[in-house]
Amino acid sequence: MSAVQQPTINAGTEFDSALTAGERKLILEEQTILAAVLGELISLAPPGESPNFNEDILELRDSLGEASQDDVAQIVAQMDSLTLLSSHLHAEDYERPFDFESPYFGHLRVNQHGRELNVLIGNRSHVSGKSGFPIIDWRNAPISKLFYVYGEGEEYEEELGGRLVEGQVLAHRRLMILKGRLMRIECQQGTFQLSNNCWLKYVREAPRLEGGQRSALRPGTVKSLQLGVAPDHLEREDRHLAAITSLIDRAQFELITAPESGIVVIDGGAGSGKTTIALHRIAYLHFQDPRRFAPQAIMGLVFNKALASYISGLLPALGMDGVRIQVFENFASSLRRRHFPKVKGAYSQVTPYTVVRFKQHPASMALLEELIAETSADVRRSIAAALAGTKSEHKAMRAWDSLREVPLASRLLQYSHWVAGKIILPEIGAFGGDWLAQGRLRELLRERLPKRNQPENLAVNLWEEAFIRLERLEEALPRLAPGEFSSGQIAEIRDWCLEAYSRREEYAAVQEPGAGALLAEEDAEAQRPAPPELDQEDDTLLLLLYQQLVGALCNRKKRPIKFRHLMIDEAQDFSPLEVRLMISLADMPRSVTLAGDTDQRMILHNSFDTWEDVLRNIGLEGTAISPLRVGYRSTEEIMNFSKSVLGPVATDRPWHAVRAGAPVNLLRFTDQGQAVSVLAEALQGLLRREPDAYVALIARYPGQADTYFAGLEVTDLPRLRRVAQQDFTFQRGIDVTDVQQIKGLEFDYVIMLDVDRYSYPDDTASRYLLHIGATRAAHQLWLVACTQPSPLLPPGLTQQIV
């Protein structure tokens with residue numbers, strides 16, 4: 001706290017001569033408010049001590065007798081504010097440390113019932129009658145709703161403090177405060193920024209649309225072959241968190257504050273704020289009900305390591321330490337090993353495309369569920385046949401039917417215990433004394449019970465045997481997935497699964513006790529089969545089977561896994577079966593946030609074609625899909641280019657960028673060596689002008705990234721990094737990587753490498769990957785081609801032949 005000094009008004013700053021008197025007055029007003037607030041916060045009560053609103057209100061009331069006529073209205077307004085706000089604040093809000101360097105990011109002034117009230121919006125509440133400017137936590141709806149939903153000049157009618165209030169927004173300002181200093185004001189009158197101790201007014205180059213306003217301004221034009229369009233970088237070296245809470249727009253706020261229970265589906269393009277919404281929704285839910293939505297009871301599942309690392313770095317700034325963010329692939333693998341300890345083996349690296357597509361298709365699980373139903377019906381018929389004509393037949397059938405809600409493997413075990421006289425079933429009683437019937441049932445169940453009476457073994461048996469019968473696949477797949485798999489592909493699926501099944505059988509045989517003695521000692525190793533391999537997709541199928549046959553998936557303490565809130569980001573890269581598995585782990589009533597963009601599909605064989613199809617396949621047909629239509633990351637030029645690249649695979653979702661910027665440039669070279677030379681010079685210049693810039697050079701393939709990195713490394717570029725394992729540091733500098741690494745991330749500048757007809761031919765996968773790479777750029781995009789450019793590039797693109 002000692003590093004933050006109470007500012008003196010306009011100390012050491014000047015005004016640009018173009019500013020009007022009214023604009024200077026607005027800036028001075030905000031500086032005055034900040035000085036008053038910081039002066040009070042520096043002498044703030046110790047953390048954890050909640051304010052006594054009654055004392056503040058009484059103190060203000062007592063001051064009315066000595067106040068001048070001009071001050072009475074202001075004092076009454078402060079009393080109204082304290083009375084209203086005290087009914088909304090949470091005691092937990094005072095347990096978090098206050099950010100003295102950036103205490104708030106919004107200023108709202110309203111006329112309510114004829115009285116003028118001022119409210120500041122921040123990441124933590126502080127209310128006092130002394131400064132007259134209470135700070136309200138942005139999560140404290142409905143008060144913060146006035147800031148996010150209503151603009152300057154708009155009238156409102158909302159329920160606050162249990163009563164209906166109406167008024168008008170007199171002033172609506174977004175602020176950037178860094179290290180206790182006011183740096184930027186965005187409001188209806190314009191955008192004002194402190195640059196080199198002088199206040200300037202910036203004019204946006206694109207028309208302002210309804211909703212949030214991006215914090216990064218990029219005025220000016222770009223010279224030929226100059227990378228970099230930012231006048232002054234205010235960003236911190238740590239790229240984990242920009243001041244995003246102040247930028248939430250109306251549509252985003254409504255999704256963040258949706259009812260606690262239910263499934264929120266967010267469909268938005270690159271840079272529309274999907275991840276921002278999902279993370280702020282977590283913080284909002286915790287604020288509203290900290291017991292139910294404790295951080296340890298919340299799980300976030302994502303597609304890759306880089307996004308997991310990025311999100312994990314954002315959560316502490318939202319006060320959500322302890323929320324687990326995991327890569328789904330790793331999470332599912334861990335669960336499968338826990339619930340199927342005897343299913344061993346590494347993952348195959350050569351699984352045929354057709355098999356991967358089949359095992360991710362809802363038809364694969366539908367086929368397994370049909371087998372479960374057939375097995376259950378067959379058991380019932382066998383019981384009836386075994387006891388036909390005996391006096392125990394009716395009771396035995398009633399006992400089996402009474403367990404219909406129990407998963408099949410557990411049902412068989414419970415039924416066998418009832419037959420053996422170990423348990424008594426409600427409304428059925430004990431089995432009884434019919435020894436002949438009991439013997440027949442024991443014999444029947446001995447053939448049906450899971451191996452070693454371990455219920456998960458029944459799931460393993462079904463999984464191993466379901467896909468090795470060609471006639472079964474040939475009958476089921478045309479019915480369950482019409483037109484999806486040809487007869488040749490069905491045979492390929494059966495052959496692969498049969499080979500895997502044979503390897504597991506062979507391996508299991510030599511693992512049996514005494515099997516080693518059958519192998520001659522001198523050639524035992526030569527004859528021992530290799531451990532069987534799994535397909536990565538088997539994890540999801542096995543876990544879904546476990547739920548169907550055994551029951552709930554459990555944690556290490558053998559307790560059912562039930563997350564109070566589940567966040568799934570980049571959902572379009574998961575299969576419907578994977579989404580189904582994840583959602584099944586949410587506690588009832590379910591609270592789930594699903595965020596994704598079908599324009600950014602990196603996995604094309606996962607059966608995630610449309611949101612509607614996926615929701616129908618997982619039993620959530622009719623769930624509302626909330627589209628986001630405004631992009632805040634990339635410029636209009638970058639978004640137009642990225643949309644055109646998608647061509648026929650693009651969605652029909654309306655899409656708008658909020659600002660214009662530099663044109664997308666195609667740089668054509670004779671070879672990669674020449675490209676490295678020119679890029680090195682451009683990057684050196686950029687880092688001199690913008691030392692905090694974050695740049696990505698993105699190749700289609702890792703080998704291309706290696707080549708460019710090796711060439712740039714000898715040029716002594718500072719902060720140059722080769723990112724090959726999604727190990728981003730999110731620090732300023734230059735990351736050289738490939739397109740498979742960067743999903744969900746954002747960079748100031750992006751250079752797409754080797755955008756030629758070989759790396760990006762005219763196919764669906766290339767369209768999606770080029771779109772994904774291009775939309776990582778916030779401010780400027782370059783394309784590099786050393787041979788014939790990709791046919792996906794739109795005509796009329798600005799070209800520079802070097």
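Student: In the hairpin formed by strand 6 and strand 7, which residue in the turn has a positive phi?

Tutor: The model considered here is predicted. In it, strand 6 (residues 163-178) pairs with strand 7 in the antiparallel sense over 5 bridges. The hairpin of strand 6 and strand 7 has 2 residues between the strands, and the turn residue with a positive phi, of about 55 degrees, is Lys-179.

Student: In strand 7, which residue is the bridge partner of Arg-174?

Tutor: Strand 6 and strand 7 are paired in the antiparallel sense. Within strand 7, the bridge partner of Arg-174 is Glu-186.

Student: Over how many bridges do strand 7 and strand 8 pair?

Tutor: A hairpin through 2 residues joins strand 7 to strand 8. Strand 8 covers residues 190-195, and its antiparallel pairing with strand 7 extends over 4 bridges.

Student: How many of the 7 residues of strand 7 are buried?

Tutor: Strand 7 comprises residues 181-187. It is largely enclosed by the rest of the structure, because the number of its residues that are buried is 6 of the 7.

Student: What is the strand order of the open sheet of 6 strands?

Tutor: Strands of a sheet pair through backbone hydrogen bonds, either parallel or antiparallel. In this open sheet the pairing is parallel, and the order is 12-11-13-14-10-15.

Student: Which are the edge strands of that sheet?

Tutor: The sheet is open, with strand order 12-11-13-14-10-15. An edge strand pairs on one side only, which applies to strand 12 (324-327) and strand 15 (625-628).

Student: What is the bridge partner of Asp-267 in strand 15?

Tutor: Strand 10 (residues 262-268) pairs with strand 15 in the parallel sense, over 4 bridges. In strand 15, the bridge partner of Asp-267 is Pro-627.

Student: At about what angle does helix 7 run to strand 12?

Tutor: Helix 7 consists of residues 305-314 and lies across strand 11, strand 12 and strand 13. Relative to strand 12, helix 7 runs at about 170 degrees.

Student: Is Leu-301 buried or exposed?

Tutor: Leu-301 is placed in strand 11 (residues 298-302). Beyond four places in sequence, it touches residues including Phe-328, Phe-331, Ile-568, Phe-574 and Met-582. The relative accessible area of Leu-301 is 0%, and because the cut-off is under 20%, Leu-301 is buried.

Student: What distance separates the C-alpha atoms of Leu-301 and Gln-326?

Tutor: Gln-326 is among the residues that Leu-301 touches. Along the chain the two are 25 residues apart, yet their C-alpha atoms are separated by 5.1 Å.

Student: How many aromatic pairs does the structure hold, and is the pair of Phe-328 and Phe-574 stacked or edge-to-face?

Tutor: The structure holds 18 aromatic pairs. For Phe-328 and Phe-574, the centres are 5.6 Å apart and the planes make an angle of 75 degrees, a geometry that counts as edge-to-face.

Student: How many residues apart are Phe-328 and Phe-574?

Tutor: Both Phe-328 and Phe-574 are buried. Phe-328 is in helix 8 (residues 328-339), while Phe-574 is in the loop between strand 13 (565-568) and helix 19 (576-584). Their pair links distant parts of the chain, with a separation of 246 residues.

Student: Over the face of which residue does Arg-411 lie?

Tutor: Elsewhere, Arg-700 lies over the face of Tyr-760, at 5.5 Å from the ring centre. Arg-411 lies at 4.0 Å from the ring centre of the residue whose face it covers, Trp-400.

Student: Is Leu-412 buried or exposed?

Tutor: Leu-412 lies in helix 12 (residues 408-419). Its contacts beyond four places in sequence are Val-379, Trp-400, Leu-445, Arg-448, Leu-449 and Leu-458. The relative accessible area of Leu-412 is 1%, and because this is under 20%, Leu-412 is buried.

Student: How many of the 10 residues of helix 14 are buried?

Tutor: The buried residues of helix 14 include Leu-458, Val-460, Leu-462 and Trp-463. Helix 14 (residues 456-465) is largely enclosed by the rest of the structure, because its buried residues number 8 of the 10.

Student: How many disulfides does a search of the whole structure find?

Tutor: Cys-497 is buried, with a relative accessible area of 6%. Cys-554 also counts as buried, at 18% relative accessibility. For disulfides, the search of the whole structure finds 0.

Methods. Residues are numbered from 1 along each chain as its sequence is written. This is a predicted model: local features need pLDDT of at least 70, side-chain atom pairs count only at pLDDT 80 or more; totals for chains, interfaces and linings use all residues. Side-chain values use heavy atoms; hydrogens and water are left out. Buried means under 20% relative accessible area, exposed over 50%, partly exposed in between (1.4 Å probe, protein chains only). Contact means heavy atoms within 4.5 Å. Rings of Phe, Tyr and Trp (its six-membered ring) pair if their centres lie within 6.5 Å; planes under 30 degrees apart count as stacked, over 60 as edge-to-face and the rest as tilted. A charge sits over a ring if NZ of Lys or CZ of Arg is within 6 Å of the ring centre and within 35 degrees of the ring normal. Two strands pair if DSSP finds at least two bridges between them. Axes are lines fitted to C-alpha atoms, for helices over the stretch in contact, and angles run from 0 to 180 degrees between N-to-C directions. A disulfide is a pair of cysteine sulfur atoms within 2.5 Å.
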